[in-house]
Amino acid sequence: MPPPLPQPVTSDPADSTVKAIAATHSKRSLLKRALLGLTLMIVAAFGSAWLLDASIDKNEDGAGSASHSRATIAGVKKWGYQLQGLQVDRVAAGDHDLIVVDETLDRENADGTGAALARLRQKPDGGRRLVVAYLSIGEAEDYRPYWKAAWVAPGPRVQNPIRFVGLRSAATSPARTHARFAAKPDAAPLLPTAAAPAWLGSENAEWRGNYNVRFWHPDWKALVLGGPGAALDRIIEAGFDGVYLDRADVYNLWRHEQPSAKADMVEFVAEIAAYARRKKPGFLVVLQNAEELLANSTVRRALDAVAKEDLLYGLEQEGRENASAEVQSSLRYLRQARREGIPVLVVEYLGDVAAIDLARRRIESEGFLAYFGPRSLDVLSRSN
């Protein structure tokens with residue numbers, strides 16, 4: 001018996017629709033798989049560090065990242081730096097887009113920080129000036145509210161004409177001291193007494209009244225942020241636009257005692273940035289010196305800008321050009337920051353007009369923003 005003839009197949013419109021949808025899903029699935037494969041290839045090419053960075057970026061509300069506030073400081077064309085002897089009206093009359101001042105706005109101003117800040121913020125052309133407060137995170141200062149005289153033993157002292165500037169050190173030799181500021185041989189640095197807190201170290205021989213601190217100690221951190229009357233909290237509550245962190249390079253002095261000192265400083269900077277932005281979104285965080293920390297992506301993400309003192313001049317002797325190796329070492333990190341959109345501020349303590357002109361050209365060629373003033377930081381230069 002012959003096999004039955006094949007029957008004509010009639011297509012069901014609903015069945016055709018199902019098949020079309022299935023085909024579309026199949027194409028989408030293939031596309032997703034291709035994209036996943038490409039992503040895995042990129043991750044493999046850049047290494048596992050990329051994954052680590054991605055996980056760190058997931059801070060609460062992005063509080064630890066400066067990406068949302070960096071644009072504010074990127075618009076600065078002229079900046080200044082004065083920590084003592086500040087006359088509010090004189091500074092307010094200038095055309096600086098950003099100024100770094102001490103949180104006290106100098107004790108000679110009787111109007112109070114709030115009134116002084118309001119005047120400083122207003123530029124003569126009606127524009128808004130950013131006012132950022134200096135904060136040492138690696139040294140204690142005997143003129144701050146937390147200080148107690150009983151913490152150090154009395155001893156021979158040398159009057160230091162510069163009160164607010166810490167140890168300056170190059171990235172290639174971070175523990176270097178500067179002979180031009182060295183104390184007299186008969187004036188040994190003061191040492192902590194039995195009454196001193198556990199975080200207090202010896203006095204900085206170059207900057208009297210400044211004491212190296214075990215910055216990783218919880219009690220020191222509480223004086224910087226989160227504790228009653230903590231410095232960062234005062235700065236935020238006073239209404240400053242940001243904070244200018246100094247003496248992060250002190251970690252080098254503690255490596256013999258605390259092998260994790262560098263990692264501890266990275267963590268401290270990130271902690272400061274995250275805390276400040278949780279309390280005040282858009283708060284600016286600037287790190288001065290310790291540029292070698294910029295090799296760490298956690299530090300770079302935490303910062304709105306970086307600042308470098310004595311990039312081209314002054315490491316060995318006032319007004320003397322720095323060795324090329326020192327300059328290139330710093331530039332390696334500063335250029336990396338600049339490539340990632342982090343503004344770089346440079347302060348050179350120069351008085352020679354020719355040297356200033358040469359330094360300005362070199363600094364601006366790097367895409368950095370220069371400021372030239374006295375090392376005493378007691379006058380705000382208007383020639384920049």
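**Talking through the model**

Modeller: The accessible surface of the chain comes to about 18,400 Å², and 58% of it belongs to carbon and sulfur atoms. Accessible areas come from the Shrake-Rupley method with a 1.4 Å probe; for residues, only the protein chains shown count as cover. This is a predicted model: local features need pLDDT of at least 70, side-chain atom pairs count only at pLDDT 80 or more, and totals for chains, interfaces and linings use all residues. Residues are numbered from 1 along each chain as its sequence is written, and side-chain values use heavy atoms, with hydrogens and water left out.

Biologist: What is the mean pLDDT of the chain?

Modeller: The mean is 80, and 72% of the residues reach 70 or more. pLDDT is the predictor's confidence in each residue, from 0 to 100. Over residues 1-32 the value is below 50, and this stretch has 1 contact beyond near neighbours in sequence. Residues 38-63 are also below 50, with 14 such contacts. Contact means heavy atoms within 4.5 Å.

Biologist: How many helices and strands does the chain have?

Modeller: The chain has 11 helices and 11 strands. These are DSSP runs, numbered from the N terminus: helices are H or I with at least four residues, strands are E with at least two.

Biologist: In what order do the 8 strands of the open sheet run?

Modeller: The order is β1-β2-β3-β7-β8-β9-β10-β11, and the pairing is parallel. Two strands pair if DSSP finds at least two bridges between them. Neighbouring strands are turned by 25° against each other on average, direction ignored. Axes are lines fitted to C-alpha atoms, for helices over the stretch in contact, and angles run from 0 to 180 degrees between N-to-C directions.

Biologist: How many bridges join β8 to β9?

Modeller: There are 3, between residues 284-288 and residues 305-309. V286 has A305 of β9 as its bridge partner.

Biologist: And which strands does helix α11 lie across?

Modeller: Helix α11 (residues 353-365) lies across β10 (344-348) and β11, at about 160° to β11.

Biologist: Now the open sheet of 3 strands. Is its pairing parallel or antiparallel?

Modeller: Antiparallel, in the order β4-β6-β5. The edge strands are β4 (139-141) and β5 (200-203). Here neighbouring strands are turned by 40° on average, direction ignored. β4 and β6 (residues 210-213) share 3 bridges, and E141 stands opposite N210. β5 and β6 pair over 2 bridges, with E203 opposite Y211. In the hairpin of β5 and β6 there are 6 residues between the strands, and G209 takes a positive phi near 90°.

Biologist: Switching topic. How much of the chain is buried?

Modeller: Buried residues make up 50% of the 384. Buried means under 20% relative accessible area, exposed over 50%, partly exposed in between (1.4 Å probe, protein chains only).

Biologist: Which residues have the most contacts inside the largest nonpolar core?

Modeller: They are W79, Y81, I137, F215, L232 and M265, in a core of 101 residues. Helix α8 (residues 261-279) gives the largest share, 9 residues. A nonpolar core is a set of buried Ala, Val, Leu, Ile, Met, Phe, Trp, Tyr and Cys residues joined through side-chain atoms within 4.5 Å. Among the residues that W79 touches are H96, Y244, L345 and Y371.

Biologist: What do the buried residues of α7 pack against?

Modeller: They pack against β3 (130-136), α6 (218-224), β7 (242-246) and α8. L232 and I236 are among the buried residues of α7 (residues 231-238). G239 follows α7, with a positive phi near 105°.

Biologist: Why does L284 count as buried?

Modeller: L284 counts as buried because its relative accessibility is 1%. L284 lies in strand β8. The residues it touches include S69, L130 and D304.

Biologist: Last one. What is the phi of R247?

Modeller: Phi of R247 is near 65°, a positive value in a residue other than glycine. Most residues other than glycine have a negative phi. R247 is in the loop between β7 and α8, and is buried, at 0% relative accessible area. L377 also has a positive phi, about 50°, and is not a glycine. L377 is in the segment after β11 and counts as buried at 1% relative accessibility.

Note on methods:
Lists of a residue's contacts leave out its neighbours within four places in sequence.
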